[in-house]
Amino acid sequence: MTASSLVKVDLDGKVVCQGSSPFSVNRAGWTIHSAIHGARPDIKCVIHLHTPATVAVSSMKCGLLKLCQEALTVGEVSYHDYHGIVLDPKEKELLIQNLGPTNKIVMLRNHGVAVCGETVEEAFHFTFNLLAACEQQVKAMQVGLDNLHIPKADGPVTQNHLLAMQGSGGSDNQGTKWGRGQLEFEALMRTLDNMGYRTGYDYKILPVVKKNGTSVA
Ligand SMILES: [Zn+2]
């Protein structure tokens with residue numbers, strides 16, 4: 001996936017900007033994305049994935065367990081049952097009902113996941129943590145559900161801990177305020193720019209980019 005392979009489409013699936021790509025848009029992918037964008041104006045980015053670990057967890061009766069810090073960080077997730085490849089417009093309504101008015105993650109049973117964000121950075125933040133949580137759960141489940149220790153809601157992990165983990169990006173020690181996932185996303189963009197890619201990212205703090213082995217602001 002590159003910037004030049006992106007095609008811009010509207011909520012009706014009409015191509016608004018073909019960019020420099022000669023290719024069309026995947027209909028099932030468009031169905032999922034357009035359903036969410038059409039019903040949730042707070043969502044500006046949707047990431048849909050079928051990695052082996054997310055498909056495995058989406059297929060487990062127990063769903064995503066709050067086993068690890070990454071699972072607690074993503075907060076509450078929704079579930080949507082499998083109806084085959086998502087092409088039926090009626091399924092859009094059901095998907096939106098199942099996602100709900102505030103949740104940002106919907107586990108698509110036997111299929112994968114759709115992760116939403118109010119920003120690209122937030123969607124990436126939830127995706128990154130969800131992928132880690134699913135991989136950890138798949139590994140841990142090998143001992144059997146009965147042998148897993150799951151932090152209890154009324155245990156040492158208090159509601160305040162959870163709110164802090166799931167909160168917005170907060171401030172760093174220099175007082176700079178960051179949106180959810182923004183600090184980490186900026187670091188990843190800096191890494192790409194230092195590798196010679198041209199991300200065009202609008203940095204909050206101007207990066208130190210290396211040119212010919214020398215750091216320049
Ligand atoms: Zn899919």
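This is a predicted model: local features need pLDDT of at least 70, side-chain atom pairs count only at pLDDT 80 or more; totals for chains, interfaces and linings use all residues.
Local features require pLDDT of at least 70 and side-chain atom pairs count only at pLDDT 80 or more, whereas totals for chains, interfaces and linings use all residues. Residues are numbered from 1 along each chain as its sequence is written, and side-chain values use heavy atoms, with hydrogens and water left out.

Strand 5 comprises residues 105–108; strands (E, at least two residues) and helices (H or I, at least four) are DSSP runs numbered from the N terminus. Both of its faces are covered: Ile105 and Met107 on one side, and Val106 and Leu108 on the other, are all buried (under 20% relative accessible area, with a 1.4 Å probe and protein chains only).

Strand 4 (residues 78–80) runs parallel to strand 5 and is joined to it by three bridges; pairing requires at least two DSSP bridges between two strands. Here serine 78 stands opposite valine 106.

With strand 6 (residues 112–117), strand 5 pairs in the antiparallel sense over four bridges, and methionine 107 has valine 113 as its bridge partner. Three residues lie between the strands of this hairpin, where asparagine 110 takes a positive phi near 60°.

The zinc ion is coordinated by NE2 of His48, His50 and His111 at 2.0 to 2.2 Å; donors are N, O and S atoms within 2.8 Å of the metal (3.2 Å for Na, K and Ca), and sites may look incomplete because water is not among the atoms. Histidine 48 in strand 3 (residues 45–49) and histidine 111 in the loop between strand 5 and strand 6 are 63 residues apart, so the pair links distant parts of the chain. Histidine 111 is buried, with a relative accessible area of 13%.

Notes
Buried means under 20% relative accessible area, exposed over 50%, partly exposed in between (1.4 Å probe, protein chains only).
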